[in-house]
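Here is a friendly walk through one protein chain. Keep the structure in view as you read, and try to find each part for yourself.

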Amino acid sequence: MKKLVLMIACGMLVLSAQAQKVFKLNSPNGNLCVKIAAGKQLVYDITCNDKQILAPSPISMTLDNGHVWGVNAGLAGSKQKKVDQVVPSPFYRAKEIKDCYNELVLRFKGNYSVEFRAYDDGVAYRFVSQVKRPFNVVNEQADFCFPSDLSATVPYVKRGKDGDFGTQFFNSFENEYTTDKLSKLNKERLMFLPLVVEVDEETKVCITETHLENYPGLYLSTAKGENSLSGVFAPYPKKMVQGGHNNLQMLVEERENYIAKVDKERSFPWRIAIVTTSDKDLAASNLSYLLAAPSRLKDISWIKPGKVAWDWWNAWNLEGVDFATGVNNATYKAYIDFASAKGIEYVILDEGWAVNKKADLMQVVDDINLKELVGYAAAQNVGIILWAGYHAFDRDMENVCRHYSEMGVKGFKVDFMDRDDQLMTDFNYRAAAMCAKYKLILDLHGTSKPAGLNRTYPNVLNFEGVNGLEQLKWSPATLDQVKYDVMIPFIRQVSGPMDYTQGAMHNAVKGNYYPCNTEPMSQGTRCRQLALYVIFESPFNMLCDSPSNYMREPESTSFIAGIPTVWDESKVLDGKMGEYIVTARRDGDVWYVGGITDWNTREMTIDLSFLPDGDYQVEEFRDGVNAHRKGTDYRREEKGLPADKKLKVKMYPGGGYVAKIQVK
């Protein structure tokens, strides 16, 4: 009897092995390995240097015709290839970046496939449909299972009711980070991407997605299991009403029982697990950009990145003028004069230039003569950017783009999308394409992470989806922006550029900060604000403070006005998530180095031995000896670079360091 049972068991194992096909895909350097098992359930796992990083994690896609891709998957074929190339990356952290990976494509019965790619710093997969007839995606299973109860650093959705995910899909994608064990994360609240899981002291996994086109964004939840993160998607909107901020939004009142409509063959977004054994490598990852769809613009010569003199953060406050400041031509001419004098490329007219609560961008307030302003700015080599509420822009998109492009406006900052369901991610791409048609740049504020759109449409220069400096206009002192600043280069910025809006000239040390909506301040030191122009990536980058404040600080203003916004090369020299980061970037033959710390004083040596041999001059801004008491205390110095190419730096609590380095 025992012999019969053993024979049956062995037979079942043979049948199981025959029914399940297992593939292995290694990274080019061999350190990462993804194993894919295709059988009853399509699952994959990841190891790094033979250490389990991601436990077997199931993936599937449920269609409204009853088919479930990835379950009882009938394998029809497989194909592998190696790619080693360099891709152009205009308006990014480098002029070009290396794209080196190994790929496995699994074809399944039912006219779909799943593509896996293994890079040296991560693994990605996506579903691809060859189905020609329309269908709906009811749900997608995107689980990330971990080998134990690891620590995770996550941004929760800020709005909505606990336990009611439906109310949480309307959110601004702005929040601080919470670090805790997977088992202790809030099961009743969604988390948005990117987020980071710490496997051990050195190894981290950053989960994100890219090529998020015409498909809902991925949220994660721990509701299904303590050691796993499971995907959640906003269902397709069924009924929407105009409302929200100044009647400029479309609010979803009812949703369908599916997440996406599909009307033709297509690929779906990439699910990415970035795996690094040093924090500085995590901050330097390019996977979100590399996995995005290539540029759809043949001519990008008209796209001009640069800095922006911004009105809203400083509440249109000017001093020593003979007119009442506000949303009027006199105020904006003063901003234009300032921008021109400092070589700043743009001035933005933020909310207020269009008649309030009309959601009609063709209705301009009486105190603004746009044609006159655009002409005045053009005469001084300054471009005008217009703020637009999402619904006002969407409802009349081509007419608005045509009209203001013909007037000479250079682009739009579109705000208050506050969703990433399928209709909204489709809007992002439609807006990018329409702006490109009329040679307009685009800044998507009030939106989710970039997720590759900046590669596909390079005229989209910036994205919010970050708890930026604007929060300090109203947030209580419990908001720790200094801590947040040393988190986002390793998390949010991994997905792409950030409309963080740095540049405050009123700088408060710990204990001195308080919210002030009309005369706001930053947390941390002056040198921290200067360094953020090097550390944070923003091809379309704000100078948030008042021209009056900048004119009182000519050294700081001239320095940040001269910092490029796009780069030929970038290097993350050192860093630890939540503690500090040091980044170097090159424009031509000139290097900029920026460093920031948390609330701890930090002394360090910055090694610049990668610089070619030469006699270098250093212009540096460093925290003054009293910067721990008065945030505006700094020292500017010009000196030669030591022969060993090492700079000794001391950053005070909430402090920073920045330097411009060039051959004498």
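Which residue follows helix 9, and is its phi positive or negative? Lysine 439 follows the helix, and its phi is positive, near 55°. Before going further, please remember that this is a predicted model.

## Helix 9

Let's step back to the helix itself. Helix 9 runs over residues 422-437, which makes 16 residues. From its first C-alpha to its last it reaches 23 Å, close to the 22 Å expected at 1.5 Å a residue.

An α-helix has 3.6 residues a turn, so residues three or four places apart point the same way.

Now move along to an open sheet of six strands, with the order 32-33-34-39-36-37 and antiparallel pairing. Its edge strands are strand 32 (569-576) and strand 37 (634-640), and each of these pairs on one side only. From one strand to the next, the twist averages 10°.

Which strands does helix 12 touch? Helix 12 (residues 526-535) packs on the sheet and touches strands 33, 34, 36, 37 and 39. Its direction makes about 125° with that of strand 34.

Helix 14 (residues 554-562) packs on the sheet too, touching strands 34, 36, 37 and 39. The direction of helix 14 makes about 125° with that of strand 36.

## An annotated span

The UniProt annotation "domain: Glycosyl-hydrolase 97 C-terminal oligomerisation", from an unreviewed entry, covers residues 566-661. In the model, residues 566-661 are 0% helix and 59% strand. The end C-alpha atoms of this span lie 17 Å apart.

## Asparagine 72 in its loop

Our last stop is asparagine 72, found in the loop between strand 5 (68-69) and strand 6 (75-88). Is asparagine 72 buried or exposed? Its relative accessibility is 58%, so asparagine 72 counts as exposed, since the cut-off for exposed is over 50%.

Leaving aside residues up to four places away in sequence, asparagine 72 touches Gly39, Lys40 and Gln41. Leucine 190 is 118 residues apart from asparagine 72 along the chain, and their C-alpha atoms are separated by 30 Å.

Technical notes:
Residues are numbered from 1 along each chain as its sequence is written. This is a predicted model: local features need pLDDT of at least 70, side-chain atom pairs count only at pLDDT 80 or more; totals for chains, interfaces and linings use all residues. Side-chain values use heavy atoms; hydrogens and water are left out. Two strands pair if DSSP finds at least two bridges between them. Helices (H or I, at least four residues) and strands (E, at least two) are DSSP runs, numbered from the N terminus. Axes are lines fitted to C-alpha atoms, for helices over the stretch in contact, and angles run from 0 to 180 degrees between N-to-C directions. Contact means heavy atoms within 4.5 Å. UniProt positions are given in the numbering used here, feature names are shortened, and annotations may be inferred rather than shown by experiment. The expected span of a helix is 1.5 Å times one less than its number of residues. Buried means under 20% relative accessible area, exposed over 50%, partly exposed in between (1.4 Å probe, protein chains only).
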